[in-house]
Amino acid sequence: MPTDPALPDGRAASEVLAELRALRRADAPTRGGRTFAYVYDAGLDGLDALAAEAYTAFATVNGLDPTVFPSVARLENDVVGAAVALLGAPGSQGAFTSGGTESILLAVKTARDHARTVRGITEPELVLPSTAHAAFHKAAAYLGLEPVVVPVDPATYRADADAMAAALTARTALVVASAPSYAHGVLDPVAEIAAAAAARGVLCHVDACIGGWILPYLRRAGREVEPFDLSVPGVTSLSVDLHKYAYADKGASVVLYRDAELRRHQYFAHSGWPGYPVVNPTVQGTRSGGLLAQAWAVLQHIGEEGYTALAGRVAEASDRLLAGLRSTDGVRVLGDPAAGLVAFTVAGSDGGTPDLGLVLHLADEMRELGWYLQPQLSFDGLPPNLHLTLTPATTGQVDALLDDLGEALARARALEPVSVDPALAELAAGLDPRTLGPDGVAAVLAFAGLGEGGGLPARTAPVLALLDALPGPLKERLLAEFIGSVFRVRERPARENPRESRPHGGSPSIRLPGEG
């Protein structure tokens, strides 16, 4: 049995908050428009404070039972109702979830159970373009579906509708289209894919986690947007994240279905235990009402006109960024970005072929200048690139970004090329990740610069170049081991038990850092 106390006797609130603030200083900034991935900043004064106050008001409310906390049902019906009005069709229903992954997981679970009970499919398949989000592969792994991955058009990066239709079989439970894809920001031909699915009696899900709350408002702002939502014949479900272009705090998404009958397959109910009757509409049981309340508050505050104006700002920033990138020597924008996401690659000295090392060096140089652009490795013939997510807060940063990009690109071109030892690549190709032991994993991680310490080196180009060269299964094993080293409880040094050192009946002594 452990003898050391798990926690201190207690610390002053000011000390606890000071440590949290200090931890944040090592993070990328989430406001200010210099982090072009992971964060969505509306740039609106007071919005963060509103979300925080709304969360606090409902933090202790338990969404497990809306009959005990009826405010949960009211708020969720309002939020889902807004999503239906924006993206649904008559009769559409849905649910509030914790994020895009949970929304996708539930849509795949619904399709699997529908295929089983309605169509008698016992070994279901999930047909998806190669650019579909990794969450679909996670859902397939969790829920026992076989992914059928269809290559996209290498020129447009859009799903190939004819190839998707050809991949449908009697075992297909669900076919997926993206609106837009995360990797390249392009909109798949939703109407064609959905029509092919409907002709075979197959459900069709549109992953609009990123685009769902901005594409309709881009249309209202005067931009041309192809139909992609539940109004498109054959589309049977759709996911949209409110913590992206609806600008709610993280942990807010909605999954929609064409009708309540289809949504029923999402639910879980259980009465075969001695406790209270259980019915869960989503993966979670207990869930704080805080995330739902802050999402509701943000939607109500920004409103129709506000979202239209914010979408227009993103479009304007995108126009200026794309023009600047396309006028930069050696830079090529990938596809036709549709909704605030942009991916571009950089050619090497030959002027045409994308240069992995140059792309990765450029990411490092931009980070040195205070920008975060997300590196994406090569995949199935698609080139390595840098990914940017534009938000209203980035509007005023585009010119500065492009100026620094020119400087960073010149620096990157002057650096030694990033290369992977061919002998090492050949050795790695022969490793079996299923049988690779801890020592072997540690050796490869150490060589890649991902050893003890649970972090990345200051310059990530050599690490990412090695990952790019590794076979997929080995890459996935190493990534899992690396993240395991990040989330690892390390042995704490022995310390005095404050309960034993304090006189009987005395009050806790709070010692501040630096005090003797």
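Is leucine 17 buried, partly exposed or exposed? Leucine 17 is partly exposed, with a relative accessible area of 45% (buried means under 20%, exposed over 50%, partly exposed in between, using a 1.4 Å probe and protein chains only).

This is a predicted model, in which local features need pLDDT of at least 70, side-chain atom pairs count only at pLDDT 80 or more, and totals for chains, interfaces and linings use all residues. Residues are numbered from 1 along each chain as its sequence is written, and side-chain values use heavy atoms, leaving out hydrogens and water.

**View 1. Leucine 17 in helix H1.** Leucine 17 sits in helix H1, residues 13–24 (helices are DSSP runs of H or I with at least four residues, strands are runs of E with at least two, numbered from the N terminus).

**View 2. An open sheet of 4 strands.** The strands follow the order S10-S11-S13-S12, with antiparallel pairing (two strands pair if DSSP finds at least two bridges between them). At the edges are S10 (331–333) and S12 (374–376), each pairing on one side only. Neighbouring strands are turned by 35° against each other on average, direction ignored (axes are lines fitted to C-alpha atoms, for helices over the stretch in contact, with angles from 0 to 180 degrees between N-to-C directions).

**View 3. S12 beside S13.** Here S12 and S13 (residues 385–389) pair in the antiparallel sense over 3 bridges. Look for proline 375, which stands opposite leucine 386 in S13.

**View 4. Helices and the sheet.** Helix H10 (residues 289–326) packs on the sheet and touches S10, S11 (341–346) and S13 (contact means heavy atoms within 4.5 Å). The direction of H10 makes about 10° with that of S11. Helix H11 (residues 356–368) lies across S11, S12 and S13, at about 120° to S11.
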